[in-house]
Amino acid sequence: MKQTVMKQLKRFTFLFLFSCVATLSQGADSDLEIAYAGPLSGSAEKTGTTMVNAIEMLFEEINEQGGIEGRKLVLNQFDDENKPETGVRNAHTLAEGNNLAVIGHNRSTVSFAAGKVYEARGIPAISPVSTSSEVTKANGWYFRTINNDKFPARFSAVYVQQVFKEDTVTVIQDDESYGSFLGSEFLKNAERLGLNVAYQHEYDLDHPQLLQNLDRIVEELLRLPEIGVIFLATHSFEAAQLVTRIRKAGIENNILGGDTLTGENFIRHLKEIDPKRIWLNTNRVYSAAPFIFDAANQAAQSFRTKYQQKFGIDPGWQAAFAYDTAKVIVEAIRVSEIAKHNNGDITRARRQLRETIASFNSPLKGVPGLTGLNYFDELGDPTKPVAIGFYQGPYFVAALTQFQLIDHPEGVLRLEEKIKNSQIIQVGDLYFFETNVVYAGVKLNKIRQIDFNKTTFHADFSLWLRSHEKLDYKNILFQDVIEPVKMELIREENLGLNHYQLVRVQGVFQGDTNNPDRLGRFSLSIRFRHSQLPRNRALFIPDSLGMGTIRPQVLLQQIQESQVLDPNQSWIVDTISSHSSSTSESALGSLLTNDDIIEYSVFNLDFRLSKAGLDLIFANVWYLFGFYLAINLLVSLLGIYLLLRLFQFLARKTKTDFDDQLLVIIRVPLHFLVFFVGLTFIQKDLGQWLSDGNNQLIEKILELLIVVIVLMGFFYRSGNLLRESFIQWAKSTETKLDDLIAPHLGKIVKTLSVILVGMKAGEIFFGLSAVSFVGILGAFGLAIGLLFKDFLSEVVACFNIYWDNPFQEGDKVSIGGGDAGVLVRVGLRSTVIRPDSGQLVQIPNTAVVGSRIENYSRAVEAKTSYQLKINGITSSLLKTIIGDIRGILEQAEGVMPYEHTASFLGFEGNGRVIQITFVSVANPDEIERILDRMNMQILQLLESHEIAQIDYEFLHIEQSVTKRSEVQSGFWNAKTMESAP
C-alpha cells in the first residue's frame, strides 16, 4: 500500500509541475519582450538609467491601454558597462531569449562589436545614441535614431560661417574613433566652405602625460595670430580640461563642440576642476547637440513634464532618443502585426520586424517622435536637424539661431531666392529653415478683477523678448483676450547678436472655462505668438532662468511677497509653470508657405489661483481629498451603525437564527459599499484637480472595491455559515470523507476568497492576467508543497485511510504489531488510539497506511475442538506427533498464542486419542480457511510418519464462534458461544 501511495504522490507532483511550467510558458508567450543593452553601472550609469526610464514610460502608457493586441510590452535590461567585451557577451545572451529587438548600445565601440552578433543571430537593433558611422555601415540589422558624426560635423561648419560669421577655425581632437572622425569631417567641410584652418592638433588620449599635453596645446594657441572658432572633437573630460585652460589663459573666442559638451558629465567635470568659475568658463561655449528640449515640439514638452513628475529630475537628450527608439520598435510591431499572427517563431518574427523598420525609409513613412520624424536611409541612419545650444552658467539652453529641417524642399516657394538671402540653409543635399529663437519671459505685476463666475481676470505684467534678429513687439498676438491689450515699450537694447525688448502689457484675459472648482480654484494662462511668422521663422522658448521658473517655490514666494494679487480678495497663486507649444491655422492662400496649414510657436505661462482661506485649510487637493474621505468614513460608520441596530431589533422578533447569522455576514460588506459610494462621489467632485495618473489609481481602487465587496464581504464572511451547513448535511451521509472535510470548509472558502481578490488586484494594478497569476500561484504552491511535502503526504494518506475504511472510531485495533487500543480519531496528519494504559498514542497516517492493521472489534473468535485417533503407534511416536502438532499450532496464522493445546486424551480400543483445541481470531470468512489449513498441515504430518488413512480418524469435531467485541474477560466468554458442527 505504501508503494501505491508514493506512486500516486509522484504522479501528482509530476502533473503539478507540468501544469505550472505550461502555465508560466503561456504567460511568457503573452508578453512582447524588448531588450535594452547599455550602461547601468559605472561612470555612464546615469545615462543608461535615464534611457531605461524613458523606455519604460512608453511601455507603461501602452500597457495601460491594453498593450498591442492584448499583449504587454516587457523591457529586459542588460548592463554592458560601456565595455565591448561585456556587450558582446550580453548580445549572445539576449539573442538566446525571446527578445524581438534591441535598444542599444551607448558607446559606439560597444555597438559596433555587439552589432556583429546581432547580424549573425538575426536580431534587429536600434541605437539611440551611438553616432559612429561604423555602427550601421555594412550591417543591415543595425539602425539608429540619432544622426551619425558626419552630419553634426558638416552642420557645425555651416553654423560657424552662417551664424558666427567667422572665417577661421581651430580644431582640437583626440585620436579615438569618435574624436578623430568628428574632427576630420569638420575640417573637410570647413575647407569646402572656404574657412581658414588656423591650427589643428590630434592628441593621444591614452598618453600618461595627457594633462601636460593639453597645457602645451593651449600654449600653442596663445602664439597664433588668429584663432577663430575653437572646435573641440573630444570626450567630456578632456573638453572640460581644455575649456578651463583656454579661459584661464584669457582666450575668449567662441568654443564649439560635439554632443559630449552637453549634459551632466561636462558640467560635473568643470565643477570638479574649478567650481567658482563655472559662469566664466562656460561663457560663449556652444555645442552641436542632438536635441534640446527648449526648442522641441509640444510632445517633447509633455514628455519632459511627465518625466520630471515621475522621477523628480530633468531628462537628458538621451532619454528623448531612447523614447523615440522604443516608439519606432512599437510601431514596427504594430505594422508587421507580429503580436497578432506570430506563432512563436522568434526567428521569423525578428526578420519581419527588421524588414518593417527598414520600410520606414521616407518622411511619409516616418514615425513622429520627440526628436522629429524617425525614418532611415539605406545605411540605417536617420535625417534630423542638429540643435545648437550654449551655456548660461551651468545651464545648457538653445542658441538664438536654430535650423529646422525641410522635409519637402521641392514644395518651398522661391527656394533659390531664400537660399541666397540665407532664409534657407543648404547642407549637402539637405535644406533647413533658419529659425529665430525668441527667449520670452513674463513677470506678473498685478492680477486684479478676478471674476470666478466668468473666469476672467485683469493682468498687468512685464514681457521681455530676447532674440538674434530684432522682433517687433507690436506683432505679438495675445490669445484668450477679452479686449485689445495695452502695450508700452519700457526698454530696448541691442547687444551684438542679442536684441532685447521689455514691454509692459495690460489687459483682460479669459481663464480656463473648463476647469473651475466650487472651492474657488481655477487655472489661468497668458499665451501669445507672433501674428505673422510661423514656427520655422520664430520659435518662442520660455526664459526659465530669467523668470525663475527653474525654482517654482521661490518664484511663488516672491509673487506672494510682492502682493501681485489683491490681498482683499484672498487669492493666492499655488502653482506656476511655463512651456512652449504650437498652434495651427489655415494658410488661406498665404504666400509664406506652400502648405495648407501654418504652424505657429506659442508661449504659455500657466498659473492656478485658489482662495487663501481654503488654501490654509487644504494645502493641496490631496489634503482636501483626505478630509472628504474622513468625513465619508464617519458618515458610513454612523449610518451603518444605525442600520444594523434596526436590523438587530427586527431580528429579535424572529424564531430562527438565520437572520442573525446573515446580519453578521452583511455588516462588513455594507461598510465597503457605503465607502465605495462615497469615494465615487469624492472623485467626481475632485477628480478634475487630480492628475490623470491619480484619477486612474482611484478608478482602480474603486474597481477593486467591487470585488472586495462581493468576495471578501459576502463570500469570505459566509464561510463559517457554509461550514456549519455542510457539517449538518454531512451527518446525514454514510461516508466519513465529508465529515473530514466539513470542519475545514470555512477555511477553504476564505482562502479561495483571498486568492480571487489577489488575482483581481494583480490584474488591476500590475496588468497580470489570470493565467499569469495562476502560473505565479502555481510556482508558489510548488515551493510551499516542497516545503511541506511531509504534511501533504500525511493528508494524502488520510484520504487513503478513509477510502479503504479499515476501522472506525471506537474500534479496538493494533497497528504495526503495537499494543492494541481503542481508535479515538483519524486526523489530517495522524491517527490517535488509546491503549489499555489510557495514554493517547499518535501514529502518522503514512505509517498507518504502510503497516499491518488488526481490528479486533470487527473480528470474531472461534474455538475449535476435535479428537484425533491413531491406531497401533508406539508411545515414542505418539509423543513426537503431539509435539509436532503443538508446533503447527504455534506457527499457524490466525491462531491466538497461548490459547491452543494438543494432549494425549486416552485409549479407545487399539487407538490412541489426541485432544486438539485452539482459538482463532479473524474475519468470519477467514475462520473456515484457518481450520482447513490446520487440518491440511496435520494430514501432511501424519503422511510424513507413514501413517496410512486407514490407521487414523477424526472424532467429535465442534466449533464455537463469538464476536470479539463481546468478550468480557479472559480469552473466552461461554455465554455468547455459538456451536457449529
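**Confidence, helix packing and local geometry**

Student: How many contacts beyond four places in sequence does the model have for residues 965–981?
Tutor: This is a predicted model. Over residues 965–981, pLDDT stays under 50. Even there, contacts beyond four places in sequence are present, and they number 29.

Student: And residues 614–620, how many such contacts there?
Tutor: Here too pLDDT stays under 50. For residues 614–620, the count of contacts beyond four places in sequence is 11.

Student: What percentage of the residues in the protein chain reach a pLDDT of 70 or more?
Tutor: Start with the average: the mean pLDDT of the protein chain is 79. The fraction of its residues at 70 or more is 74%.

Student: Is H7 parallel or oblique to H8?
Tutor: H7 spans residues 210–222 and H8 spans residues 236–248. Their axes lie 10 Å apart, at an angle of about 40°. Roughly parallel needs an angle under 35 degrees. The angle therefore makes the relation of H7 to H8 oblique.

Student: Is the crossing of H7 and H8 left-handed or right-handed?
Tutor: Look at the helices where they meet: the H7 side includes Leu-214 and Val-218, and the H8 side includes Leu-242 and Ile-246. As H7 passes H8, the crossing is right-handed.

Student: How many nonpolar residues does the contact of H7 with H8 have?
Tutor: Charged residues take part, among them Asp-215 of H7 and Arg-245 of H8. By class, there are 3 charged residues and 1 polar. The nonpolar count is 8.

Student: How many charged residues does the contact of H2 with H11 have?
Tutor: H2 brings Glu-60 and Glu-61, among others, while H11 brings residues including Lys-306 and Lys-310. The contact also has 5 nonpolar and 2 polar residues. The charged count is 4.

Student: How many charged residues does the contact of H12 with H14 have?
Tutor: H12 (residues 317–336) and H14 (residues 346–358) have axes that come within 9 Å and cross at roughly 110°. That makes H12 roughly perpendicular to H14. Ile-329 and Ile-333 are among the H12 residues in contact, with Leu-353 and Ile-357 among those of H14. The classes are 6 nonpolar, 3 polar, and for charged residues, none.

Student: Is the ring pair of Tyr-118 and Tyr-142 stacked or edge-to-face?
Tutor: The structure holds 29 aromatic pairs. This one links Tyr-118 in H4 to Tyr-142 in S5, 24 residues apart. The ring centres are 6.0 Å apart and the planes stand at 65°, so the pair is edge-to-face.

Student: What is omega for the cis peptide bond at Gly-104 and His-105?
Tutor: His-105 lies in the loop between S3 and H4. The bond joining Gly-104 to His-105 is cis. Its omega is about 5°.

Student: What is phi of Lys-165 near?
Tutor: Lys-165 sits in the loop between H5 and S6. Its phi is positive, in a residue other than glycine. The value is near 55°.

Note on methods: Residues numbered from 1 in each chain as written. Predicted model: local features only at pLDDT ≥ 70, side-chain atom pairs only at ≥ 80, totals over all residues. Heavy atoms only, no water. Axes fitted to C-alpha atoms, helices over the stretch in contact; angles between N-to-C directions. Helix = DSSP H or I, 4+ residues; strand = E, 2+ residues; numbered from the N terminus. Parallel < 35°, antiparallel > 145°, perpendicular 65-115°, else oblique. Left-handed = near helix turned anticlockwise from the far one by under 90°. Contact = heavy atoms within 4.5 Å. pLDDT = per-residue confidence, 0-100. Phe/Tyr/Trp six-rings, centres within 6.5 Å; stacked < 30°, edge-to-face > 60°.
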